[in-house]
Amino acid sequence: MTGPRAPEGDDYSATVLGSHWFSGPPVAPEVAPDRVEGSVLRFGPGVTAAMPAPFPLVVAAVAAPRRRRVAGLRRYALAAIVLAAVLAYLGWQRFGPAIGVKDVAVTTDPQGPPCDATADVVAVVGTNGRPGTLTYRWVRSDGTQSEELTERVPRGQREARLHLLWTFQGTGNYPARAELQLLSPGQRTAAVDFTYRCSP
């Protein structure tokens with residue numbers, strides 16, 4: 001038994017059809033993505049409208065705390081500068097230049113003490129108002145002198161008064177001289193002359 005024959009006289013030829021003719025529409029080959037960003041695949045140039053770039057959100061989230069931090073640092077920096085200036089001033093007041101002597105003068109009653117009385121000889125030491133200690137001694141014309149004495153001068157006091165009490169007894173006239181020797185700060189001397197008079 002023979003199969004059907006092609007009609008004669010027609011230009012007909014049988015062609016073997018590939019299998020793709022029977023498997024549905026053609027399938028495009030796989031294309032590798034240009035880059036991978038997280039779980040989103042990017043194909044071709046540009047950014048798809050469906051997934052906007054996350055960069056503006058990240059910048060906004062980081063920039064705000066930085067501005068607040070810079071403003072806080074500026075506020076604390078100003079307070080620190082003011083505090084440092086106050087501490088520097090207080091330190092200069094407490095530990096600044098020491099006491100300085102401007103002048104020294106010695107006085108007493110020019111009439112001298114009466115019979116069997118005591119002469120009050122006063123040395124006035126002018127200072128610069130800084131706190132400190134004066135070291136001094138008294139020297140008398142009778143050949144005696146005191147030991148080294150000290151006088152504490154508080155802050156703000158610009159004058160120190162140092163006293164020598166010299167007691168006289170007997171009759172007659174006695175020329176006297178009292179001298180203050182300032183030993184520190186610096187070395188200065190000042191003296192006063194007076195006469196003890198006592199008639200019999």
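Strands S5 and S6 (residues 149–153) run antiparallel and are joined by 5 bridges. In this predicted model, one of the residue pairings between them is that of threonine 133 with arginine 152, its bridge partner in S6. S5 is also joined to strand S8 (residues 172–184), by 6 bridges and again in the antiparallel sense. Here arginine 140 has alanine 178 in S8 as its bridge partner.

These pairings belong to an open sheet of 4 strands with the order S6-S5-S8-S9 and antiparallel pairing. S6 and strand S9 (188–198) are the edge strands, each pairing on one side only. On average, neighbouring strands in this sheet are turned by 25° against each other, direction ignored.

**Strand S5 and threonine 135**

Strand S5 covers residues 132–140 and is mostly covered, with 7 of its 9 residues buried. Threonine 135 has its place in this strand. Is threonine 135 buried or exposed? Its relative accessible area is 15%, and the cut-off for a buried residue is under 20%, so threonine 135 counts as buried. Leaving aside residues up to four places away in sequence, threonine 135 touches Glu148, Leu149, Thr150, Gln181, Leu182, Leu183 and Ser184. Among these contacts, Leu149 and Thr150 fall within the range of S6, residues 149–153. Gln181, Leu182, Leu183 and Ser184 fall within the range of S8, residues 172–184. In general, side chains in a regular strand alternate between the two faces of the sheet.

Another open sheet is formed by 3 strands in the order S3-S4-S7, with antiparallel pairing. Strand S3 (101–107) and S7 stand at its edges; each has a single partner strand, so one side of each is left without a neighbour in the sheet. Neighbouring strands of this sheet are turned by 15° against each other on average, direction ignored. Strand S4 (residues 118–127) pairs with S7 over 9 bridges in the antiparallel sense. Within that pairing, valine 124 has arginine 161 in S7 as its bridge partner.

| Strand pair | Bridges | Direction |
|---|---|---|
| S5 and S6 | 5 bridges | antiparallel |
| S5 and S8 | 6 bridges | antiparallel |
| S4 and S7 | 9 bridges | antiparallel |

**Aromatic pairs**

The structure holds 5 aromatic pairs. One of them joins tryptophan 166 and phenylalanine 194: the ring centres are 5.9 Å apart and the planes stand at 85°, so the pair is edge-to-face. Tryptophan 166 sits in strand S7 (residues 159–167) and phenylalanine 194 in strand S9, so that this pair links distant parts of the chain, 28 residues apart. Both tryptophan 166 and phenylalanine 194 are buried.

A pair with another geometry is made by phenylalanine 168 and tyrosine 196. Their ring centres are 5.0 Å apart and their planes lie at 15°, so this pair is stacked. Phenylalanine 168 is in the loop between S7 and S8, while tyrosine 196 is in strand S9, so the pair ties together parts that are 28 residues apart in sequence. Phenylalanine 168 and tyrosine 196 are both buried.

Which residues make up the aromatic cluster? Trp166, Phe168, Tyr174, Phe194 and Tyr196 form one such cluster.

**The chain as a whole**

The secondary structure comes to 1 helix and 9 strands. From the N terminus on, the order of elements is β-β-α-β-β-β-β-β-β-β. Of the 200 residues, 22% count as buried. The protein exposes about 15,100 Å², of which carbon and sulfur atoms supply 59%. Among contacts between residues at least 6 apart in sequence, 62% join residues at least 24 apart.

**Confidence**

The mean pLDDT of the protein is 77, and 60% of the residues reach 70 or more. Over residues 12–22 the pLDDT is below 50, and this stretch has 2 contacts in the model beyond near neighbours in sequence. Residues 57–62 also have a pLDDT below 50; beyond near neighbours in sequence, this stretch has 0 contacts in the model.

Conventions. Residues are numbered from 1 along each chain as its sequence is written. This is a predicted model: local features need pLDDT of at least 70, side-chain atom pairs count only at pLDDT 80 or more; totals for chains, interfaces and linings use all residues. Side-chain values use heavy atoms; hydrogens and water are left out. Buried means under 20% relative accessible area, exposed over 50%, partly exposed in between (1.4 Å probe, protein chains only). Helices (H or I, at least four residues) and strands (E, at least two) are DSSP runs, numbered from the N terminus. Two strands pair if DSSP finds at least two bridges between them. Axes are lines fitted to C-alpha atoms, for helices over the stretch in contact, and angles run from 0 to 180 degrees between N-to-C directions. pLDDT is the predictor's confidence in each residue, from 0 to 100. Contact means heavy atoms within 4.5 Å. Accessible areas come from the Shrake-Rupley method with a 1.4 Å probe; for residues, only the protein chains shown count as cover. Rings of Phe, Tyr and Trp (its six-membered ring) pair if their centres lie within 6.5 Å; planes under 30 degrees apart count as stacked, over 60 as edge-to-face and the rest as tilted.
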